[in-house]
Amino acid sequence: MPLELKSKVPAGPLPEKWDRHRFDMKLVNPSNKRKYTVIVVGSGLAGGAAAATLSELGYNVRCYCYQDSPRRAHSIAAQGGINAAKNYQNDGDSVQRLFYDTIKGGDFRAREGNVYRLAQISMSIIDQCVAQGVPFAREYGGLLANRSFGGAQVSRTFYARGQTGQQLLLGAYQALEKEIDRGGVTMFARAEMLDLIVVNGRARGIVVRDEITGTIEPHLADAVVLATGGYGNVFYLSTNAKGCNATAIWRAYKRGAAFANPCFTQIHPTCIPVAGDYQSKLTLMSESLRNDGRVWVPARKDDCGKAPGDVAEADRDYFLERKYPSFGNLSPRDIASRAAKEVCDEGRGVGPGGRGVYLDFADAIQRAGEDRIRERYGNLFEMYQRITDENPYQVPMRIYPAVHYTMGGLWVDYNLMSNIPGLHVAGEANFSDHGANRLGASALMQGLADGYFVLPNTLGDYLASNKLEPVATDAPEVVAAVADVATRTSRLLGVRGTRTVASFHRELGKIMWEYCGMARSAEGLRTALELIPKLRAEFWRDVMVPGEGTELNKTLEHAGRVADFLELGELMCRDALHREESCGGHFRLEHQTPDGEARRDDDRFAYVAAWEYAGIDAPAVLNKEPLVYENIKLSQRSYK
Amino acid sequence: MQLTLKVWRQRGPDVEGGLEEYQAADISPEMSFLEMLDTVNERLIEKGEVPIAFDHDCREGICGSCGMMIDGVAHGPMKGTATCQLHMRTFKDGDTVVIEPWRARAFPVIKDLVVDRGALDRIIGAGGYVSVSTGGAKDGNIIPVPKLDADRAMDAAACIGCGACVAACLNGSASLFTSAKLSHLGLLPQGQPERYRRALKMVAQMDIESFGGCTLYGECQEACPKEISIDFISRMNRDFLYAAVTTSAESGVGDDS
Amino acid sequence: MWVLTLYRSTIGKKAIMAVTGLVLVGFVIGHMAGNLQVFLGATKMNAYAAFLKSLGELLWLARIGLFVALVLHVLMAWQLTRLKQNARPVAYHLRAPQVSTVASRTMRWGGVLLLAFIVFHILHFTTGTVFPSASTPDAIYPVWSATDVYGNIISAFRTPWVVAAYVVAMLFLMLHLFHGAWSSVRTLGLARSSNFPLHRRVATVIALVVWLGFSVIPVAVFLGVIR
Ligand SMILES: Cc1cc2nc3c(=O)[nH]c(=O)nc-3n(C[C@H](O)[C@H](O)[C@H](O)COP(=O)(O)OP(=O)(O)OC[C@H]3O[C@@H](n4cnc5c(N)ncnc54)[C@H](O)[C@@H]3O)c2cc1C
Ligand code: HEM
Ligand code: HEM
Ligand code: SF4
Ligand code: F3S
Ligand code: FES
């Protein structure tokens, strides 16, 4: 029988939904709060903020991260900035506009109610972070500075040099450390969640492996929050940190949580191109660079060999400005990425392998002077030079799209609760707010909105409205979950084959990038659906994981993650194959307008595809949550 | 290119360790230092041997996970660069490279090049925050912050918590790390109310974790991937001394300092 | 109790060291100035010494002050050194200091040497307990005399190794001050951030002046410039 997926978006006019809901929700009596234990897996913006805030409220919190410190969560790497509808610039911004831009940017595949709430909360986020001492960029007058970002015509992005994510995360981390010191939060670093414990239908705990000792133990609670980030590393090469993984949400999926829109992945247009096959990850050059940089390739193939300086102005094709006059270099990520791919496919790409386009600052340096540019992007330019050994002040940067963000994730309702009662999902790990494409500077906003403002309210409602019997550590469900993890671990160690984990990860990445990347086709996806199970079988037959399970064993950790990617990749292809339309980051070659733009099919696909696990060899079951638009009329997205 | 590595191998926290020699064959100068280690590790795994354990995550010089002593220099020869951003082009073919973990009592070795830097978290926990609970904040523009203060605060806040300052310091002092957080918050209006209390508490924690004192060697600043300045250490000293002679016990500090 | 807060913390200990260190710097400069009067001849020099002794209680007060400063300074140096050793139980196989100066890295051993020097020096000049007489004693001032400081200086520096000892000691004093006079300002948090900090230049000058001002005396006596 199909899952019942109730969005639980409250009735009433958009602007009042959240306030009304907050009033309608049950509250936990302050003196009872510390009787409740909440598990928060993840210490990034979403998890860190949630753990700190829940502890401030008085709940008894247990927080987990796989790094050696909560401060190292991948949110730290976010560069460009965070959006908020403050309209400090008086350039016509408003909650309504941020809401509309986000829905439109997501190509009309997100829930109105969630996105409107996000836009409303965006303001409180900035206030909260300023109060914490986040050193946002300031004008000389002492007020907060803004910059513009892709997909928007207003300047609403707040930033701290090129290290916005770092500063926001440190804000949440410091609040978290404050609560740890106070005793409200128990922190488990170097601890990896390897399974979800579900007792009579409710999420009541997780199975954790201590990465140092290798001990595998159950951790029980009244509610579980997963804020474990995105699964972009299924492509092997991505801008994500090496440790980013799908394990937590994938385990939950296999315990019955629905996985929504897995094929909605974002390719970021401005990354440093691949240099060689030893490449271990790709480095993002913040989108904010597109404020001042102009993207071009030679107009003629035979100029591609030349040094950029030797290509005359007339022989340059500023293809974004040409194709999308009104948004130009600031057109949304999916559009900019695809445009870059096209020109490279036409053979007009530059750099090694012809897989790159120029991001040129010559004009900006002319206009604003090198110092202003250094002030704005100094650290990004240094990073580029450190990696490529080229000086972007003199020669244009070479950039190429790379996997960056995953809009898909575990299905959640308006309260950020999955279809498993008690299992809440926040941040990039859920599918909630970005539809088929995320606008720049909106993920930090969503992570913090979920963590600081949404969960602390909705989680209380869940605890207050449900009677939760204590669970014993020897309950059959608990014992079974722990046993599963133990067997799986020893299986991974037991194979003792001939191939390294990394080699499997690389091969999977190639398949995904080739057939489930920037442009997808039914034929390609079918090929992938044949290749992936084969690769998975070989993995379990031939993988080599040295060392033991009772010690720090990074190969073992990686192996577990790759094993999950090998399953998730298949689901992504299945989802991509079923979605017979092009929308946002999902571009199906069969579904494009004559001039190569994405063609959506709102009649057939205006829904959330929530996949349900049906056993390792059985194909996942598709459930649909229809998307109803009461306030926005769906239109063909145009940035021309 | 071809290099000889002398790497510290240690199976576990209380196991004897030692330097072992490895050959890193056909390394591309475009590789990052960690990609070079990846290559060496993959070959070890293919031979069924246990690879060299080291911490890393973002590989963009921002998360602070990576870090090792390379030829006796924290994060290696390139100034203002974390290990993950170091590239092989800074080495010569045929070089011998000695790789050791951070060394400090506060950073016990867990395995090979992996150490426990929890002490740094506890220093932050002791007071490296502004005590505001979520919700109450007023509009972000209510308190203007002079641009130069915001910029200097950002200079200090850029710290990635890698611990290279401790590793490089001949005293094993965490002064640069601690002073960076104290200065970040101490330079902003939001950080003023707790400024002196914070100085007392964080410095006390720094001592509890048995880091060494500061002789002003300046090695930390040189090793710091974010080039945090030792001027912040002066600032920390000033705030601490002022607090020590003015703040009275009921500030809640006397008890645990 | 704030004194305890200071004494309990590394920064506090270091501050005590800085203050006492600066007191010692002050003394050393004054002492040097006084000693340089040997160039003005026996009468002036001895008059000065006599004047100092005439101060009586005041002199003792100053002596006690200096002694306390020195003891605290050395005590803190000792404690901080132990803390430092405790902070890194396992040494690096290879470590290559990048920017730390020789001066900064010799603070400890240099200090110990200074201590040794001071002890010897007091037994040498103030008490005359240890007064190695030269193989060919000076015609006019053959031995140590409680009243004739000038004479003591002249006869003392006829012995080559004594001269050498002093000159070497002064080298270490210079190193100690080159770092100390600079770092103390930072220890006390008085430094202003700048690319050419004033305290760096002042410290350099102090170090050089003290080194020359002291070394010139034994050398001059030995070369017979003053007799
Ligand atoms: C290079 C880069 C730049 C970006 N720039 C921007 C930007 O400018 N603006 C913007 O809005 N967004 C940006 N993003 C996107 C944004 O950074 C992320 O989407 C967001 O930070 C995700 O936060 P999170 O809290 O959901 O997850 P994360 O920050 O990834 O945190 C995941 C947490 O879960 C823990 N975890 C994961 N798996 C497990 C497990 N199995 N067991 C235990 N713990 C686990 C991890 O330890 C970590 O603490 C950028 C992303 C990248 C890669
Ligand atoms: C060439 C260098 C020096 C010379 C010629 C010299 C000479 C003297 C003389 C003659 C006295 C005895 C004064 C008296 O008894 O009235 C004296 C005392 C002393 N000197 Fe020096 N001195 C030198 C360097 C130093 C240095 C470098 C230090 C410290 C680091 C120092 C510390 C002292 C002290 C502490 C006393 C005892 C003061 C007292 O008894 O009140 N001297 N010195
Ligand atoms: C007599 C034996 C002495 C010893 C053992 C000694 C030792 C030391 C040591 C180890 C330090 C460095 C402490 C640190 O930064 O960790 C130091 C600093 C210093 N010393 Fe000495 N010293 C001695 C004498 C002197 C004398 C005679 C003077 C002055 C003439 C002096 C002036 C200073 C100053 C100014 C500092 C700087 C303190 C700081 O950096 O805050 N010391 N001393
Ligand atoms: S101060 Fe510099 S070296 Fe020390 S932890 Fe921070 S970033 Fe690393
Ligand atoms: S190197 Fe060490 S001594 Fe002080 S200046 Fe840096 S902490
Ligand atoms: S791996 Fe993140 S800083 Fe080096």
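1. Helix α14 of chain A covers residues 501–515, and its 15 residues reach 21 Å from the first C-alpha to the last, close to the 21 Å expected at 1.5 Å a residue. The expected span of a helix is 1.5 Å times one less than its number of residues, and the elements named in this note are DSSP runs numbered from the N terminus, with helices being H or I over at least four residues and strands being E over at least two. This is a predicted model, in which local features need pLDDT of at least 70 and side-chain atom pairs count only at pLDDT 80 or more, while totals for chains, interfaces and linings use all residues. Residues are numbered from 1 along each chain as its sequence is written, chains are lettered from A and ligands numbered from 1 in the order in which they are written, and side-chain values use heavy atoms, with hydrogens and water left out.

2. Which residues of α14(A) are buried? They are V501(A), A502(A), S503(A), F504(A), H505(A), L508(A), G509(A), I511(A) and M512(A), where buried means under 20% relative accessible area, exposed means over 50%, and partly exposed lies in between (1.4 Å probe, protein chains only). The cover over these buried residues includes β18 (499–500), α15 (522–542), β19 (543–544) and α16 (554–578) of chain A, together with α1 (33–46) of chain B.

3. Strand β7 of chain A (residues 202–210) is largely enclosed by the rest of the structure, because seven of its nine residues are buried. Strand β6(A) (residues 191–199) runs antiparallel to β7(A) and is joined to β7(A) by eight bridges, and two strands are said to pair if DSSP finds at least two bridges between them.

4. Ligand 1 has 38 residues around it, of which Q67(A), H74(A), S75(A), E428(A) and L444(A) come nearest; a residue counts as near when one of its heavy atoms lies within 4 Å. The site is shared between chains, because residues from chains A and B surround ligand 1. A polar side-chain atom of N245(A) lies 3.1 Å from a nitrogen atom of the ligand, while oxygen atoms of ligand 1 lie 2.9 Å from a polar backbone atom of A443(A) and 2.8 Å from a polar backbone atom of L444(A). The protein covers 98% of the 1000 Å² of accessible area that ligand 1 has on its own, with areas taken from the Shrake-Rupley method with a 1.4 Å probe.

5. S173(B) lies in the loop between α4 (164–168) and α5 (175–186) of chain B, and S173(B) counts as buried because its relative accessibility is 4%. The side chain of S173(B) makes a polar contact with the side chain of S175(B) at 2.7 Å; such a contact is a pair of N or O atoms within 3.5 Å, and within protein one must be able to donate a hydrogen and the other to accept it, with residues adjacent in sequence counting only if both atoms are side-chain atoms.

6. How many residues surround ligand 2? There are 17, and the closest are H31(C), N35(C), K53(C), R63(C) and H121(C). Oxygen atoms of ligand 2 lie 3.0 Å from a polar side-chain atom of K53(C) and 2.7 Å from one of R63(C), whereas a polar side-chain atom of H121(C) lies 2.6 Å from a nitrogen atom of the ligand. Helix α6(C) gives the most to the shell, with five residues.

7. Of the two pairs of chains in contact, chains A and B share the most contacts, where contact means heavy atoms within 4.5 Å. Chain A and chain C do not touch, and their nearest C-alpha atoms are 20 Å apart.
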